[in-house]
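Keep the sequence and the model side by side.

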Amino acid sequence: MSLFTASLNSGSNGNCYYIANETEAVLVDVGISCKEIIKRLTRLKLSVDKVKAIFISHEHSDHIKGLQVMANKYKLPVYITKATRM
């Protein structure tokens, strides 16, 4: 089984990474808006329907900016440490 990764954005203006196999994907950090994430996935011909969860590395705004909208809109579970969630 192969693994595919794509950087949707990286830097102080927001971080977001798409990691997928043939059938499922996760997002690691969502530091850009939900609208921008969908725009970039579409441009790369990647499907948001494959995304099954969001993983957050830490609480800085450049890692969580689109979290609430993305998680709620697509009903995605969010994996985050207790310390980061606080």
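A residue counts as buried under 20% relative accessible area, as exposed over 50%, and as partly exposed in between. Phe55 has a relative accessible area of 37%, so Phe55 is partly exposed. Keep in mind that this is a predicted model.

Now turn to the aromatic rings. A pair of aromatic rings is described by the distance of the centres and the angle of the planes. Rings pair if their centres lie within 6.5 Å; planes under 30 degrees apart count as stacked, and planes over 60 as edge-to-face. By this rule there are two aromatic pairs. Take Phe4 and Tyr18. Their ring centres are 6.4 Å apart and their planes stand at 70 degrees, so this pair is edge-to-face. Phe4 sits in strand E1 (residues 4-9) and Tyr18 in strand E2 (residues 16-20).

Phe55 belongs to strand E4 (residues 51-55), Tyr79 to strand E5 (residues 78-79). Tyr79 has 45% relative accessibility, so Tyr79 counts as partly exposed.

Next comes helix H1 (residues 34-43). Which of its residues are buried? They are Cys34, Glu36, Ile37, Arg40 and Leu41. Seen down the axis of H1, these fall within an arc of 160 degrees, so they line one face of the helix. The spacing has a simple basis. An α-helix has 3.6 residues a turn, so residues three or four places apart point the same way. On the face of H1 turned away from the buried side are the exposed residues Lys35, Thr42 and Arg43. The cover over the buried residues includes E1, E2, strand E3 (25-30) and helix H3 (67-74). After H1 comes Lys45, with a positive phi near 60 degrees.

Finally, the core. The largest nonpolar core has 21 residues. Tyr18, Leu27, Val30, Ile37, Ile54 and Met70 touch the most other members. At least two residues of this core come from each of E1, E2, E3, H1, E4 and H3. Follow Ile37 of H1. Leaving aside residues up to four places away in sequence, Ile37 touches Leu8, Cys16, Leu27, Val30, Ile32 and Met70.

How values were computed:
Residues numbered from 1 in each chain as written. Predicted model: local features only at pLDDT ≥ 70, side-chain atom pairs only at ≥ 80, totals over all residues. Heavy atoms only, no water. Phe/Tyr/Trp six-rings, centres within 6.5 Å; stacked < 30°, edge-to-face > 60°. Helix = DSSP H or I, 4+ residues; strand = E, 2+ residues; numbered from the N terminus. Buried < 20%, exposed > 50% of the residue type's maximum accessible area, 1.4 Å probe, protein only. Arc of directions from axis to C-beta. Contact = heavy atoms within 4.5 Å. Core = buried A, V, L, I, M, F, W, Y, C linked by side-chain atoms within 4.5 Å.
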